[in-house]
Amino acid sequence: MNQTARSPSTNSFAPEARPHTISLWRDRALPYLLIAPTVMVLLALSIYPLLYSVRVSLQTGSGEAAHWSLANFGRLTTDGFFFSALGHTVIYAVVALTFEFLLGLGLALLLDRSLRGRAIFRAVLLIPMLIPPVVVGVVWRLMLNADFGAINGTLKSLGIDTQALTWTASPKLALASVIAVDIWQWTPFMFLVLLAGLQAIPQEPYEAAMIDGASAWQTFRHVTLPLLRPAILVALLLRTMDLLRVFDQIFILTEGGPGFATETVSLYIYRAAFRFFDFGYAAAMSFVLLILTNIISVGYIKLLQDQEAA
């Protein structure tokens, strides 16, 4: 009698167990369901093209004659045009990065002070960075025109002979011209990052340096630069990655010319892929450029980690 009476109360817990299990499963599955669309887009737009590029770079021939080999990478070791384009890319990146850093740091130090109209100056300085690179290339191509460009016209009005100043049409001046355009557009980026780094530095170290009688140069060298180093490394990292793959500005300004004077690796990859339809070789060059960029980036990140640890 008692056992019969207890059985309904014992079995009454069974119907509640299943809804609890379903609710628990839903709670665990919900995060994965939410990120599933993003993962699908990532696979479709990033992972699959990357794997396909690896496949293309390791194949020679086409159609049924295609076979797996490292011939595309071996071909790079004997391609003088590739090494020339790589040299132009390195020169472009080093020179542009140096000037952008020095100018950006100088502007950041200047506008970090309390000056009248500081907000207006900051806004004006950011304008070049906000213009699309293609538009910048078109505008500067017109300005650098040797016949009716604004730059040569201004120099002529000052009495300067501009007959030899053909800018983008000169093998000697073309690379310097495209570098100058990049400096004009992206110095504001360096200025913005370094200014943010300066404003994040606390005032206590400066007050201590003032009490100790440190000069302006000593304060800058022993206080500002060490504390600004993380922002400097971040700015250099981002700009280096961007400079090594530069394409749009040079393509609009010179298309790699005159001759091969301004040909970078990105332009050479474009020509190999879409003008000569040598997709395997273009993919191999892309991976070499990717590896070079990653090596440099890892160096920057290592320096940044050492700075944070210190």
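These are my notebook entries on what I looked up in the structure above.

**Ground rules**

I am working with a predicted model, in which local features need pLDDT of at least 70 and side-chain atom pairs count only at pLDDT 80 or more, while totals for chains, interfaces and linings use all residues. I number residues from 1 along each chain as its sequence is written, and side-chain values use heavy atoms, with hydrogens and water left out.

**Entry 1: helix α11**

I began with α11, which runs over residues 216-244; here helices (H or I, at least four residues) and strands (E, at least two) are DSSP runs, numbered from the N terminus.

**Entry 2: aromatic rings**

I searched the whole structure for aromatic pairs and noted twelve. Rings of Phe, Tyr and Trp (its six-membered ring) pair if their centres lie within 6.5 Å, and planes under 30 degrees apart count as stacked, over 60 as edge-to-face and the rest as tilted. Trp 217 and Phe 220 make a tilted pair, with 5.8 Å centre to centre and 35° between the planes. Both residues belong to α11, where they are three residues apart, about one turn of the helix.

Are Trp 217 and Phe 220 buried or exposed? I use buried for under 20% relative accessible area, exposed for over 50%, and partly exposed for values in between (1.4 Å probe, protein chains only). Trp 217 is exposed at 55%, whereas Phe 220 is buried at 17%.

I also wrote down one aromatic cluster, formed by Phe 247, Phe 251, Tyr 270, Phe 274, Phe 277 and Phe 279. Phe 277, a member of that cluster, sits in the loop between α13 and α14 and is exposed, with 58% relative accessibility. Its phi is near 55°, a positive value in a residue other than glycine.

A further ring, that of Tyr 281, has Arg 75 over its face, at 3.8 Å from the ring centre. For this I require NZ of Lys or CZ of Arg within 6 Å of the ring centre and within 35 degrees of the ring normal.

**Entry 3: the largest nonpolar core**

I turned to nonpolar cores, each a set of buried Ala, Val, Leu, Ile, Met, Phe, Trp, Tyr and Cys residues joined through side-chain atoms within 4.5 Å. The largest has 56 residues, and Tyr 92 and Met 285 touch the most other members. Among the elements that give two or more residues to this core are α4 (80-111), α9 (174-199), α11 and α14 (279-309). Which element gives the most? I found that α9 does, with 13 residues.

I followed Tyr 92 through its contacts, meaning heavy atoms within 4.5 Å. Leaving aside neighbours within four places in sequence, Tyr 92 is in contact with residues including Leu 175, Val 178, Ile 179, Leu 243 and Ile 250.

**Entry 4: helix α13**

How many of the ten residues of α13 are buried? I noted eight, so that this helix is mostly covered. Among these buried residues are Val 265, Leu 267, Ile 269 and Arg 271, and the buried residues of α13 pack against α4, α11, α12 and α14.

**Entry 5: a residue of α14**

Ile 296 has its place in helix α14 and is partly exposed, at 30% relative accessible area. Not counting residues up to four places away in sequence, Ile 296 touches Thr 240 and Leu 244.

**Entry 6: two places in loops**

In the loop between α12 and α13 I found Pro 258, which a cis peptide bond with omega of about -5° joins to Gly 257. In the loop between α8 (150-157) and α9 I found Trp 167, which has a positive phi of about 50° although it is not a glycine. Trp 167 counts as buried, at 19% relative accessibility.
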